[in-house]
Amino acid sequence: MIERDELLELARKAAASAYAPYSNFHVGAALLFADGSVVTGANVENASYGLSLCAETVAVGKVLSGGGRRDLVSVAVTGGAPGRPGQGATVSPCGRCRQMLNEVAQLGGTDPVVWCDGDDVVETTLSALLPHAFGPANLA
């Protein structure tokens with residue numbers, strides 16, 4: 001199984017693919033599933049700022065449009081200046097991304113570990129980042 005540092009490195013590599021000409025802030029995310037597979041994403045900005053996509057949202061889109069794996073184990077998120085992800089302030093998923101990650105986690109009944117990268121790596125869980133989350137179970 002992939003360990004924390006390996007998953008963080010995959011997120012950093014994903015950040016290198018970011019399209020961020022406006023903020024110049026490259027974000028990468030890596031989602032690890034119980035079967036050992038990893039899905040990554042990078043942020044994609046748009047001249048109409050509200051249409052930009054976060055790295056986590058891109059990764060979740062890949063997961064759900066590709067058949068929806070349902071066993072999310074852990075998530076690594078990093079960000080920073082081009083070529084310098086993981087250096088500087090610790091980056092955590094924004095509110096929208098927490099909700100998007102929660103959708104995948106609830107489908108499999110998991111509470112993934114989330115590693116937030118920066119000069120210090122913070123380890124938490126999705127439920128700690130998004131307590132009292134709204135998800136598929138609320139619509140039953």
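## Val 63, inside a helix

Val 63 counts as buried, with a relative accessibility of 1% (buried means under 20% relative accessible area, exposed over 50%, and partly exposed in between, using a 1.4 Å probe and protein chains only). You will find Val 63 in helix α2; helices (H or I, at least four residues) and strands (E, at least two) are DSSP runs, numbered from the N terminus. Before we go on, note that this is a predicted model, in which local features need pLDDT of at least 70, side-chain atom pairs count only at pLDDT 80 or more, and totals for chains, interfaces and linings use all residues. Residues are numbered from 1 along each chain as its sequence is written, and side-chain values use heavy atoms, with hydrogens and water left out.

Which residues does Val 63 touch, not counting residues up to four places away in sequence? They are Leu 31, Phe 33, Val 39, Gly 68, Arg 69 and Val 104, where contact means heavy atoms within 4.5 Å. Val 104 is 41 residues from Val 63 in sequence, yet their C-alpha atoms are 8.3 Å apart in space.

## The rest of helix α2

Just after α2 comes Gly 67, with a positive phi of about 115°.

Glu 45 sits in the loop between β2 (38–42) and α2 (55–65).

The side chain of Glu 45 does make a polar contact with the side chain of Ser 23, at 2.3 Å. A polar contact is a pair of N or O atoms within 3.5 Å; within protein, one must be able to donate a hydrogen and the other to accept it, and residues adjacent in sequence count only if both atoms are side-chain atoms. Leaving out residues up to four places away in sequence, Glu 45 touches several residues, including Tyr 19, Pro 21, Phe 25 and Ser 52.

Tyr 49 belongs to the loop between β2 and α2, and this residue is exposed, with a relative accessible area of 59%. Together with Tyr 19, Tyr 22, Val 44 and Leu 53, Tyr 49 makes a nonpolar surface patch of about 510 Å². Patches are made of residues with over 30% relative accessible area and no salt bridge: like charges are joined within 9 Å, and nonpolar side chains (Val, Leu, Ile, Met, Phe, Trp, Tyr) within 5 Å. Accessible areas come from the Shrake-Rupley method with a 1.4 Å probe, and for residues only the protein chains shown count as cover.

## Salt bridges

How many salt bridges does the structure hold? There are three. In one of them, the side chains of Arg 4 and Asp 5 meet at 3.0 Å, N to O. Arg 4 is partly exposed, with a relative accessible area of 33%.

Arg 12 forms a salt bridge with Glu 9, with 3.5 Å between the closest N and O atoms. Both lie in helix α1 (residues 4–15), three residues apart, about one turn of the helix. An α-helix has 3.6 residues a turn, so residues three or four places apart point the same way.

Asp 117 also forms a salt bridge with Arg 12, the closest N and O atoms being 2.8 Å apart. Asp 117 lies in the loop between β4 (113–116) and β5 (122–125) and Arg 12 in helix α1, so this pair ties together parts that are 105 residues apart in sequence. Through shared partners, salt bridges join Glu 9, Arg 12 and Asp 117 into one network.

Ser 92 lies in the loop between β3 and α3 and is partly exposed, at 35% relative accessibility. Its side chain makes a polar contact with the side chain of Arg 98 (3.2 Å).

Asn 24 has a positive phi of about 60° although it is not a glycine, and His 132 likewise has a positive phi of about 60° without being a glycine. Asn 24 is in the loop between α1 and β1, whereas His 132 is in the segment after α4 (126–129). Asn 24 counts as partly exposed at 46% relative accessibility, and His 132 counts as exposed at 81%.

Technical notes: Salt bridge = Lys/Arg side-chain N within 4 Å of Asp/Glu carboxyl O.
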